[in-house]
Amino acid sequence: MNFKDSRQFISKLNLTKLANAAGVLSSYYFSKWSKRPVQWGVPFNVSIEPTTNCNLGCPECPSGLKSFTRPTGNLDYDFYKRTVDEIGDNLIYLYFYFQGEPYLHPKFLELVKYASQKNIYTVTSTNAHFLTERKALETVESGLDRILISIDGTTQETYEQYRIGGSLEKVIEGTKNLVRAKKEMKSATPHIIFQFLVVKPNEHQIDELNVLAKEIGVNEVKLKTAQIYDYKNGSDLIPTIDEFSRYKKQGDGSYKIKNELLNHCWKLWHSCVITWDGKIVPCCFDKDAQHQLGDLNSKSFLEIWKSDLYRSFRSRVLKGRSEIDICTNCSEGTKVWANP
């Protein structure tokens with residue numbers, strides 16, 4: 001976070017949120033020490049999925065590949081409001097993404113505005129193809145605090161190797177629209193981040209990305225390591241620059257994940273993901289919602305969060321993450337690089 005973004009974040013805090021966060025943090029460390037899952041609070045960091053629809057066809061994304069086995073659709077606005085009303089008092093971060101392109105939800109910015117009015121720090125991630133001049137102004141008006149714009153190349157040829165069906169020109173124009181809208185409205189928000197998923201086809205353009213971001217007026221650049229589903233036999237997407245790869249080549253030519261998969265996970269204590277249709281899953285690595293821990297259409301959030309099913313899943317993590325499929329390709333504990 002830069003100074004303005006940090007100040008914006010701090011402005012969202014209060015004693016209730018801080019007390020809850022302290023309880024969550026202490027219960028996490030107690031659980032690590034005791035190897036017994038306890039939970040002394042509720043999550044202060046929640047991702048909610050506006051939609052599973054997407055306009056692109058990225059090769060490592062279930063949404064882009066249309067490969068979900070779970071139902072697809074859009075988040076119901078009234079259900080969303082009830083959920084935010086239930087969990088909002090302790091919520092610090094609300095992330096409007098999981099799978100899909102958030103701006104394809106017909107009421108996306110109304111979702112953001114509702115959470116912003118409740119003094120929750122709001123974040124989204126977008127491919128920026130829908131940031132017209134009007135949408136850019138509406139985004140600023142919504143109170144969105146942070147926006148991550150996926151830009152995985154500085155030329156169309158490179159960009160479209162991963163963002164299949166995408167237009168780099170639209171991404172750049174949409175970003176410029178947002179920068180201009182902030183200036184027109186004299187707004188410090190949203191904090192604009194260029195997120196660059198480092199893969200082999202684009203790793204040579206990192207320096208160019210930083211120059212482009214500075215020229216446009218983007219606040220921050222983040223370099224993110226890529227998740228590869230079928231990594232064991234290698235992939236054309238695995239970077240040659242070792243520090244940007246989640247995977248390490250073995251002597252026999254196969255690859256293994258660098259992460260040691262230690263038997264604990266902060267995400268299981270401080271956060272969760274809510275799918276568009278109200279299912280709660282442990283984290284963002286459960287993209288197809290195979291490990292559903294509850295349904296908000298039939299139970300309250302607190303019932304689910306404190307349930308035996310949730311407790312059992314946390315216990316499994318403490319005993320052996322390597323035995324849980326979504327954990328075996330997890331980046332928890334690996335780096336994300338950020339540049340000013």
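**Close-up 1. Contacts of L94 in the predicted model.** In this predicted model, L94 touches V46, I48, Y80, V84, A115, I120, Y121, T122 and V123, with residues up to four places away in sequence left out of the list. The largest nonpolar core has 97 residues, and L94 is one of the four that touch the most other members, together with Y80, F96 and F194. In soluble globular proteins, nonpolar side chains tend to be buried together.

**Close-up 2. Strand β2 and its two neighbours.** Strand β2 comprises residues 93-96 and is covered on both faces. Y93 and Y95 are buried on one side, while L94 and F96 are buried on the other. Strand β1, residues 45-48, pairs with β2 in the parallel sense over three bridges. Within this pairing, S47 has Y95 of β2 as its bridge partner. Strand β3, residues 121-126, also runs parallel to β2, and four bridges join the two. Here F96 stands opposite T124 of β3. Between β2 and β3 the chain passes through helix α5, residues 108-117, in a right-handed β-α-β crossover.

**Close-up 3. Surroundings of I120.** I120 lies in the loop between α5 and β3. Its relative accessibility is 0%, and I120 therefore counts as buried. Leaving aside residues up to four places away in sequence, I120 touches K12, K17, V84, G88, L91, I92, Y93, L94, A115 and D145. Two of these contacts, Y93 and L94, belong to the buried residues of strand β2. I274 is 154 residues from I120 along the chain, and the C-alpha atoms of the two are separated by 16 Å.

**Close-up 4. Helix α12 and its packing.** Helix α12 is formed by the twelve residues 308-319. From its first C-alpha to its last the helix reaches 16 Å, close to the 16 Å expected at 1.5 Å a residue. The buried residues of α12 are Y310, F313, R314, S315, V317 and L318. An α-helix has 3.6 residues a turn, so residues three or four places apart point the same way. The buried residues of α12 pack against helices α2 (15-34), α10 (267-270) and α11 (301-305), and against strands β9 (271-274) and β10 (279-281).

**Close-up 5. Confidence along the chain.** The mean pLDDT of the protein is 91, and 96% of its residues reach 70 or more. Over residues 333-340, by contrast, the pLDDT is below 50. Beyond near neighbours in sequence, this stretch has 18 contacts in the model.

Methods: Residues numbered from 1 in each chain as written. Predicted model: local features only at pLDDT ≥ 70, side-chain atom pairs only at ≥ 80, totals over all residues. Heavy atoms only, no water. pLDDT = per-residue confidence, 0-100. Contact = heavy atoms within 4.5 Å. Buried < 20%, exposed > 50% of the residue type's maximum accessible area, 1.4 Å probe, protein only. Pairing = 2+ DSSP bridges. Right-handed = clockwise from strand over helix to strand, strands pointing away. Expected span 1.5 Å × (residues − 1). Core = buried A, V, L, I, M, F, W, Y, C linked by side-chain atoms within 4.5 Å.
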